[in-house]
Amino acid sequence: MTTPISRRTALGLGGAGAAAVLLGTGDWNAASAFAAPRTGDVFTLGVASGDPTPDGVVLWTRLASDPFAVDGKGGMPATPVRVEYEVAADERFRRVVRRGSVVATPELGHSAHPEIRGLAPDHEYFYRFSVGGELSPVGRTRTMPAPHSSPRELNFAFASCQAWQDGYFTAFDHIAEEDLDFVVHLGDYIYESGVKTNRRGVVTDPRFHTEAFDLARYRLQYSLYKAEAPLRNAHARHPFIVTFDDHEVEDNWAGDISKVDTEPDQDPVVFRRRRADAFQAMYENLPLRRAQLPAGPDIHIYRRLHYGNLADLTMVDTRSYRDDQPCGDGDGVDCAERLDPDRTILGAAQREWLLTGFSRSRARWQILGNQAPIGQTDRDPGPALDVWYDPWDGYVAERNRVLAAAQDRHVRNLVVITGDRHQNYAWDLKRDYADPTSPTVASEFVGTSVTSGGDGADMNDDGVNFLAANPHMKFFNAQRGYVRVNVNRQRWRSDYRVLPYVQQPGAPVSTRASYVVEDRVPGVREA
């Protein structure tokens, strides 16, 4: 089995003082560092699986003998490489059920995405890759239940927002230890910003100082994040269902519009080229199917997965098709533009697809995988309504249309899972927040960040203000972590799993609070 690389070796740093040179704060925790690569080692970035179906799954690896090569080519030759794979019913591979090969090309960063079919529904499988006789680490995955079956329960976790410079990825070690059917990642898998002085120390290697603008630099950023053993462990343990938010490209981008700043991508042509590079690097480094292969700056990431007749998981894209944020982005109290009935965060085609899914689904639970909060976030406990314009608060008419459709089309249970905010919320979704008598029509669980924001707090000034200003908010917490979910035919339960710190490795995890939604009773309550 292949031996992973250490961060100090991958960065071209050697000797006892290497970590101090890299971080400026002393040595790494040996338990979380990589060992040195062997000659010919190409599986340094690990393995993963994703988007399970009742009869299959997509597998992933990306070959890189030198994942921190500044040209983004991973130390690989400018020629295709054949990658063999095996899928087995046991961890020792005594009962291999599928084997085959794919070609990893330099044009796609020597990534491999074999799509496996013909597996049994609701079964655990193990997989591995090989190149020239060298074996990858072993991964575990699981298929979805059969169509129209009635699973007893669903167990999954959702996570988001893992800025490398803000802390250690310890949460993923805990996710790897959970008994889950899959993990949903809701975006900000990487941050595009350069890393130098940060909450881990000081990175002195200049390769990481600049912001990602081109394919080579985005690839390097993914390698930096994949260097974290906890992230690789979680990928190897569970299938992931992923989407993106903004930082996979650039902070707060909207359609063809870059964030307003002094960077050259203010030109839409330049920004579309940047977006194409960002999406290609994302595809190369995540377990995505061919249906999600980008076409230049465009990618079809919204999709729907089924867990028998217990739950449908609908993943939406709130970046690619949206109108620009109203009133110049930011936040405030007097922005009439956010109420414009023609403004969209989904785009007309995606919105129609979403609402048609509401009508056609026969699942007991409709799960909406969403990037930025749908629920209204009033930041002022006084009479003013002070909101951010980037999330659904900047697109009020479309929010009202979607939530009204859920009620009018008799969606049995709509539950939204959301990232972005670096805070934990449990709150009710109202048909129209401007109407004090408006009914609760759905529930939303907002999950905190894995690391972004650094060490958090149980309560802060935001929490005090939000709880006072938003009567639909039932819970607030600002620690780091993830959300663990158990769904059965009677109720949904979200456990807020939090870590006391992330700026040092090795934090324990605990359940800060649990909130439930009862079948046919929209709204959240404490368990």
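Strands S15 and S16 (residues 311-315) run antiparallel and are joined by 5 bridges. Two strands count as paired if DSSP finds at least two bridges between them. Tyr307 lies opposite Ala311 in S16. Strands are DSSP runs (E, at least two residues), as are helices (H or I, at least four), numbered from the N terminus.

This is a predicted model: local features need pLDDT of at least 70, side-chain atom pairs count only at pLDDT 80 or more, and totals for chains, interfaces and linings use all residues. Residues are numbered from 1 along each chain as its sequence is written, and side-chain values use heavy atoms, with hydrogens and water left out.

## The open sheet and its helices

The sheet is open and mixed, with 7 strands in the order S15-S16-S18-S20-S22-S21-S23. S15 (303-307) and S23 (473-477) are the edges; each has a single partner strand, so one side of each lacks a neighbour in the sheet. Twist averages 20° from one strand to the next.

Helix H7 (residues 348-360) packs on the sheet. H7 touches S15, S16, S18 (365-370) and S20 (414-418), and its direction makes about 20° with that of S15. Contact means heavy atoms within 4.5 Å. Helix H9 (residues 461-469) also packs on the sheet, touching S21 (424-430) and S23, at about 180° to the direction of S23. Axes are lines fitted to C-alpha atoms, for helices over the stretch in contact; angles run from 0 to 180 degrees between N-to-C directions.

## Strands S7 and S9

S7 (residues 124-131) pairs antiparallel with S9 over 4 bridges. Tyr127 has Gly139 in S9 as its bridge partner.

In S9 (residues 139-142), Gly139 and Thr141 point one way, Arg140 and Arg142 the other. All are buried, meaning under 20% relative accessible area, with exposed over 50% and partly exposed in between (1.4 Å probe, protein chains only).
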